[in-house]
Amino acid sequence: MKAHLLAVLKSHSIEAVSKREDATTSRFALITDTGGPGRSDRIVQTVQVTIGSYGSTLGVAAVLAADIEAIIHSLPAVSSSPVAAVPWATSPYESTDPDVPRLSRYVATYQLTVICR
């Protein structure tokens, strides 16, 4: 699922990485797999991802987080997406990253119901 989300965000001109050190700009999204309830039957699985939205200012990070939130919630309507539903999510919230104090960060966690093909 992480690879799919990385590609989706990149298709929306958002730099998306799975490791912070891979970011090439000060405005990027960091996607982390954070578990989830798992497989509920043969083809349906619920996964959980946490996305950190980084920016040079708090405003840049907040706008990026809002853009990502809209993209995530639109995924079930995209016919080519394996995401069937977004049953649970947190609202993006400000969360300082102690490892990168020069950047601002918003964080949100999403559970995604995925059709495994």
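Me: Which residues touch the most other members of the largest nonpolar core?

Reply: In this predicted model, the largest nonpolar core has 22 residues, and L9, I31, I51, I68, I72 and L112 touch the most other members. Two or more residues of this core come from each of α1 (2–11), β2 (28–33), β4 (44–55), α2 (58–74), β5 (83–89) and β7 (104–115). There is also a second, separate core of six residues, F28, L30, Y54 and V100 among them.

Me: Take I51 as an example. What is I51 in contact with, leaving aside its neighbours within four places in sequence?

Reply: The list is A29, L30, I31, I68, I72, Y106, V107, A108 and Y110.

Me: Next, the helix α1. How do I read which way a helix faces?

Reply: The general idea is that an α-helix has 3.6 residues a turn, so residues three or four places apart point the same way. In α1, the buried residues include L5, L6, V8 and L9. They cover an arc of only 165° around the axis, so they sit on the same side of α1. A3, K10 and S11 are exposed on the other side of α1.

Me: What do the buried residues of α1 pack against?

Reply: They pack against β1, β2, β4, α2 and β7. After α1 comes S13, which has a positive phi, near 60°.

Me: Now charges. How many salt bridges are there?

Reply: Side chains of opposite charge can pair when their charged atoms come close. In this model the count is four salt bridges. One of them joins the side chains of R20 and D97, at 2.8 Å from N to O.

Me: Which other salt bridge involves R20?

Reply: The side chains of D99 and R20 meet in a salt bridge, at 3.4 Å from N to O.

Me: Last, the whole chain. In what order do the elements run from the N terminus on?

Reply: The order is α-β-β-β-β-α-β-β-β, with two helices and seven strands in the protein. Among contacts between residues at least 6 apart in sequence, 56% join residues at least 24 apart.

Me: What is the radius of gyration, and what would a compact globule have?

Reply: The protein has 14 Å; a compact globule with 117 residues would have a value near 13 Å, so the two agree. Along the principal axes, the C-alpha atoms fill a box of roughly 45 × 25 × 25 Å. Of the 117 residues, 43% count as buried. The accessible surface is about 6100 Å², and 52% of this surface belongs to carbon and sulfur atoms.

Notes: Residues are numbered from 1 along each chain as its sequence is written. This is a predicted model: local features need pLDDT of at least 70, side-chain atom pairs count only at pLDDT 80 or more; totals for chains, interfaces and linings use all residues. Side-chain values use heavy atoms; hydrogens and water are left out. A nonpolar core is a set of buried Ala, Val, Leu, Ile, Met, Phe, Trp, Tyr and Cys residues joined through side-chain atoms within 4.5 Å. Buried means under 20% relative accessible area, exposed over 50%, partly exposed in between (1.4 Å probe, protein chains only). Helices (H or I, at least four residues) and strands (E, at least two) are DSSP runs, numbered from the N terminus. Contact means heavy atoms within 4.5 Å. The arc is that of the directions from the helix axis to the C-beta atoms. The radius of gyration is taken over C-alpha atoms; the globule rule is 2.2 Å times the number of residues to the power 0.38. Accessible areas come from the Shrake-Rupley method with a 1.4 Å probe; for residues, only the protein chains shown count as cover.
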